[in-house]
Amino acid sequence: MSRSPLMPVEDALEQLLLMANEQQLADSEVLALDEARGRVLASDLVATLDLPPWPNSAMDGYALNLADLDQQPLAVSQRVYAGAAPEVLLPGTCARIFTGAPVPPGANCVEMQENVEVLDDGRVRFLQPLKVEQNIRAQGQENRVGDILLRAGKRLGPFELAVAAGQGLAQLHVVRRPRVALLSTGDELVEPGQPLRPGSIYNSNRVLLGHWLRELGCEVIDAGILPDHPAQTRLKLEQLQVSADLILTTGGVSAGDADCLGQVLRDSGKPLLWKLAIKPGKPLTVGHFGTVPVIGLPGNPTSALVTFGLLARPYLLRIQGVEDVMPLSFTVNAGFDWHKPGGRREYLRVKLEAGRAVLYPNQSSGVLLGATWADGLVEIPENSTHNLGDPLRFIPFSELF
Ligand code: AMP
Ligand code: MG
């Protein structure tokens, strides 16, 4: 076999995102806010309300007009609770006011109740120097009618949904879910709950990727386990291509392995079989079956995890219209020495302890348990060595969901 150069991770990502740009989903649906978490906004959210809609008090206290201060103590002419509609402030008086209540027209300042003296006759003396607009949340200080609050392509989490709620919206326009057919390949695989045969192992990838896909807004078409058998593989892909936007598989892509998926894609079109400069996860198959894109991840659970998180995840977000698909990352200091330079970019499962990245003791790509122990991945660039304390890029697992 010829030793073609390995493809750098960023080149693979670039090709996947180009593919995703061509395959962006055009359809949208309207969902209640309670259903829209994790989905992607299909059109700009434009404000129809000023927020706050009127000036309101930031404190429990007294609203007054500073021009009346020289007449103090001031009589209290009205009480304004949150939810009330105040009267115009009578000249020479103040208003008792509570947090969130509209400031009466004519008042230009709120003093907190701790800084006043209430006399026996109920009049109020202001004890501290006061400034115009003090403790008043101005109308429109957050946004004005017509402002674009969220752009199409924004992923909706609790913050975004709360902003929509603040505008009085009960529903939002979201991009429809990508339909992802999930297929685990391997003669050795058995589903949890079934008896284990000699030589078999349980299928962990279906659970790993099924949950992850749903977190990313996808509808999962669970296509189960597929034996390493080219004709059956072809038949299965023929069935799945009818309903899927993407066929996502694990296993069967390593050279020397049964490599069924690679064979079928090569026979039926134009496969892009990549040998990536990434560890874990070197073999990755990207191609089409008919017109449906196929991403074939390696079978080792941690290889599947790393390649899904770094490559398939951005693809799935981009087809939903998300612009910024890369996880946030930051620099941490190595809590270890690394004196084994490799030709592939390596992603190690680490925990952050006192600002340092500590390695999970077993970094084998077959070991999934390290991911449950770790906080995320540190990246070891190709052909590099590192000493304790050296800066490394860290990607928190929390960023990948
Ligand atoms: P493959 O990419 O098919 O050569 O698989 C690589 C390794 O990952 C083998 O040891 C497989 O048994 C294992 N493997 C493949 N698929 C799964 C799966 N769905 N769950 C757990 N292990 C798997
Ligand atoms: Mg296999």
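Two strands pair if DSSP finds at least two bridges between them. Strands here are DSSP runs of E, at least two residues long, and helices are runs of H or I, at least four; both are numbered from the N terminus.

Some housekeeping. This is a predicted model: local features need pLDDT of at least 70, side-chain atom pairs count only at pLDDT 80 or more, and totals for chains, interfaces and linings use all residues. Residues are numbered from 1 along each chain as its sequence is written, chains are lettered from A and ligands numbered from 1 in the order written, and side-chain values use heavy atoms, leaving out hydrogens and water.

Start with strand E13, residues 179–185. Six of its seven residues are buried, so E13 is largely enclosed by the rest of the structure. Buried means under 20% relative accessible area, with a 1.4 Å probe and protein chains only.

What does E13 pair with? Strand E16, residues 219–226, runs parallel to E13 and is joined to it by six bridges. There, Thr 185 stands opposite Leu 226. Strand E17, residues 246–250, also pairs with E13 in the parallel sense, over five bridges. Here Val 180 has Leu 246 as its bridge partner.

Next, an open sheet. Four strands form it, in the order E5-E6-E4-E7, with mixed pairing. Strand E5 (75–80) and strand E7 (109–112) are the edges, each pairing on one side only. Neighbouring strands are turned by 30° against each other on average, direction ignored. Inside the sheet, E4 (residues 61–64) and E6 (residues 93–97) run antiparallel, joined by three bridges. Ala 63 of E4 faces Ala 95 of E6.

Now helices. Two packed helices are described by the angle between their axes and the distance between the axes. Helix H4 (residues 230–241) and helix H5 (residues 260–267) pack at about 65°, axes 9 Å apart. The axes are lines fitted to C-alpha atoms over the stretch in contact, and angles run from 0 to 180 degrees between N-to-C directions. Contact means heavy atoms within 4.5 Å. Residues making it include Arg 234 and Leu 237 of H4, and Leu 261 and Asp 267 of H5.

Last, the largest nonpolar core. Such a core is a set of buried Ala, Val, Leu, Ile, Met, Phe, Trp, Tyr and Cys residues joined through side-chain atoms within 4.5 Å. This one has 48 residues; among those touching the most other members are Leu 213, Leu 248 and Phe 308. Which helix gives the most to this core? Helix H6 does, with 11 residues. E13 and E17 are among the elements supplying at least two residues each.

Key
Buried means under 20% relative accessible area, exposed over 50%, partly exposed in between (1.4 Å probe, protein chains only).
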